[in-house]
Amino acid sequence: MALALVLLLVLGALGYGLWPRGEANGQSDGAGSGTAQAAAAHAESAARALKALPAVKVSVDFVPSRLGDEARPRTHAALTVTAEGQAGGTLREAVSGKADVAWKDGRLYLKGDPEFWAQQPPQYAHDVKGSGKWVAPQKRSGYYMLNHFSVDVGSLKPASLAALVRQVTSDPGAVKENAGNLHGRAALSYTASGWTVLISSEAPYTVLGIAGSPLSTGAVRSAGWTPLAHRGGGVVAAAFRPHAVPVDDPSGFFNPYLIVTPQTATEKEAQAVRGIVTGATSDASAEGMPGAPGQTDTAAPDGPQFDIDETSSRLCTTRECPVSLTITNTGDQPADATLYINAPGTSGKPFPLGTLAPKQSKSVNTGRPNQAPPGQTVTVWIHAFVYSSVLYGPDPSVVDRLRARGLDPTSQLSVAAPLLPAAVKLLDQMTHGSTKPQETVNTQALKALNTANGQGQLPLLSQIVNSGRLMTPLDLPDVINNADKIGSVNSMLQVAHLLETDPAAKVWLDGPYMANGRGYKTDYLYTTTKDGKEVKRSVQVKTITSHGKVNSNATKGAKQLNGEVPGRGGNLPEEAPPGFDRVLQLYFEPEIGDYYTATRDKLTDYLSGKRFQGARQGFCNDDGKPRIDELVIINGTGTHTWTDLKEIKVPC
């Protein structure tokens, strides 16, 4: 029996302000809409009320542009935008990473934590020196000010949103539909010129939501360093122009997409925003600061760094040989330091040095037994290492284990200091307990970790591993090698949210679950408890970017849950273990069109219709038995679940 345990992903799990689930029936000019003339008057009334506000609070869910099937995590913004276009608020990445944001006169100001900066291209985790302070992102090669939120925040002001509402609702070609019951209010949707606007169909008439691409024609714009049409005297590369992409073109460019939920703000809130903006603009360097997007000079120190200088004599002729070492913090941040010395005949005891400020030095003088037999000279190697919790986390034994396996995180990981503790913990998890040769394991883990660092995936992976409930850490290198693909990232985001929201969940991510003497795997499996009962679920994830791929991808996912699709490279096929509920998750991306902003009822109509017939048939095997126990669709309006497949007319 399938238990409906709701899983909220990128948008749902964090409580983002999405368009709520409605009761839409998809009928054009639905009940309560009145005449076209009356509907136009209602839309004008809503636009006029929006424009008159001193400020507007907007909840924005933003999907960046992408090429082909590259990863594209969402960013959520909670902003207050004044009538003149100043703004303040926060940006949050999908799992971890937050930044305070301010906007004035076409200029973006950010104060982000290390996890936020680690996910921002092009530098990703290689340079996070701007963490914790206001920075003004620097002009750079490339188009957008901030790829993960390439929105001109000032264009979200009340007058601009009102202008966009008028543009869409007055378009003679606009498609008007009943959007269902939102926030307890009946609503109409208008779609034209790449934008969709939702307006309450009963007084007081209010704008409930706006969705579309900021590259589409309209008052809400993208934020680039130069006008969209030209840059540096030349035409902007085609990838940065708004254009249509064939729905089944995997190498095409996909425009950014946003969903805006506006709410009334007061004059007092507008004044508070102006104060935030004044503080941000005065604190941030006019030239930009290290850590801002596009900063390419990473030669400057990043966090604490420790140099060890040996000052003892090279030749020892006494029974006890002196060992004198000087430790200097050559970095730009104070940090605790403990010196470990390993030499023949010594115990390797630690020498706590306290906190060393930048450029501060401390010396350690100790001794070791002379290892040379009488009348002979031998070479003795002394190994010294400085441990700091700022660099390696609170547990020194993690570094000891890595060094025992032949790994040196100081020299083998190219990771910014604030992210190094997470990287060290990941490396420990990925190299512990494997049956493969240790050197092979080390090489694969280092390659994967540096790859993840370069893709901005360290915060996501750290969230998963830190739970202590990922049962397949040794399989992470294989997962990471595909982490730049949108489908793989969707799976990891789902797992991260599951582990965060369900403290009883144990997860097998793309790794074997052992049962009946053999291994089973799907995109991820997990066990948990609900109402005192054990729940076992096997999940296959498919990301859908066009209508043309829905039937084939959904059918393939259903077959994979039953071991009916051959494995790659001679590996066993994916298959749900016996006794596990088989769950198919479909991620609808913005390119799929109207269904990205569809409510559950509209999706039910779609799934029950002729266009989805191929997938419904694919949900049944040749013996007329169901291949899946539950269907989940995640789109721009949230997470929607069907446990009774008869509801969508599955014929088995």
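Buried means under 20% relative accessible area, exposed over 50%, and partly exposed in between.

**Figure 1. The protein chain as a whole.** The predicted model has 15 helices and 28 strands in its protein chain. Of the 652 residues of this chain, 52% count as buried. Among contacts between residues at least 6 apart in sequence, 66% join residues at least 24 apart.

**Figure 2. A salt bridge between arginine 405 and aspartate 428.** Side chains of opposite charge can pair when their charged atoms come close. In this view, the closest N and O atoms of arginine 405 and aspartate 428 are 2.9 Å apart, and the two residues form a salt bridge. Arginine 405 lies in the loop between α6 (396-404) and α7 (409-412), while aspartate 428 belongs to helix α8 (residues 420-430), so the pair ties together parts that are 23 residues apart in sequence. Arginine 405 has a relative accessibility of 14% and therefore counts as buried. Aspartate 428 also counts as buried, because its relative accessibility is 6%.

**Figure 3. A salt bridge between lysine 521 and aspartate 510.** The closest N and O atoms of this salt bridge are 3.5 Å apart. Lysine 521 sits in the loop between β23 (518-520) and β24 (524-530), and aspartate 510 in the loop between β21 (506-509) and β22 (513-515); the two are 11 residues apart. Are these residues buried or partly exposed? Lysine 521 is partly exposed, at 28% relative accessibility. Aspartate 510 is partly exposed as well, with a relative accessible area of 24%.

**Figure 4. A salt bridge between arginine 518 and glutamate 575.** Here the closest N and O atoms are 3.5 Å apart. Arginine 518 is in strand β23 and glutamate 575 in the loop between α13 (550-560) and β26 (581-588), so the pair links distant parts of the chain, 57 residues apart. Arginine 518 counts as partly exposed, at 28% relative accessibility. Glutamate 575 is partly exposed too, with a relative accessible area of 22%.

**Figure 5. A network of salt bridges.** Glu44, Arg48 and Arg166 are linked through salt bridges in a network. The whole structure contains 17 salt bridges.

**Figure 6. The second largest cavity.** Rolling a probe the size of a water molecule over the atoms shows where empty space is left. Which residues line the second largest cavity? The lining consists of Ala39, His42, Leu188, Tyr190, Ile199, Ser200 and Ser201. At least two lining residues come from each of α1 (36-51), β8 (185-192) and β9 (195-200). By class, four of the lining residues are nonpolar, three are polar and none is charged.

Figure 7. In soluble globular proteins, nonpolar side chains tend to be buried together. The largest nonpolar core of this model has 116 residues, and Leu110, Phe149 and Leu156 have the most contacts inside it. Helix α12 (residues 486-501) gives the most to this core, with seven residues. Apart from neighbours within four places in sequence, leucine 156 is in contact with Val56, Val58, Val60, Leu79, Val81, Val151, Leu161, Val220 and Val260. A second, separate core has 29 residues, including Tyr606, Ala615, Phe619 and Ile648.

Note on methods. Residues numbered from 1 in each chain as written. Predicted model: local features only at pLDDT ≥ 70, side-chain atom pairs only at ≥ 80, totals over all residues. Heavy atoms only, no water. Salt bridge = Lys/Arg side-chain N within 4 Å of Asp/Glu carboxyl O. Helix = DSSP H or I, 4+ residues; strand = E, 2+ residues; numbered from the N terminus. Buried < 20%, exposed > 50% of the residue type's maximum accessible area, 1.4 Å probe, protein only. 1 Å grid on protein atoms, 1.4 Å probe; cavity = no way out; pocket = protein on both sides within 12 Å on 5 of 7 lines; lining within 4 Å. Nonpolar A, V, L, I, M, F, W, Y, C, P; charged D, E, K, R; others polar. Core = buried A, V, L, I, M, F, W, Y, C linked by side-chain atoms within 4.5 Å. Contact = heavy atoms within 4.5 Å.
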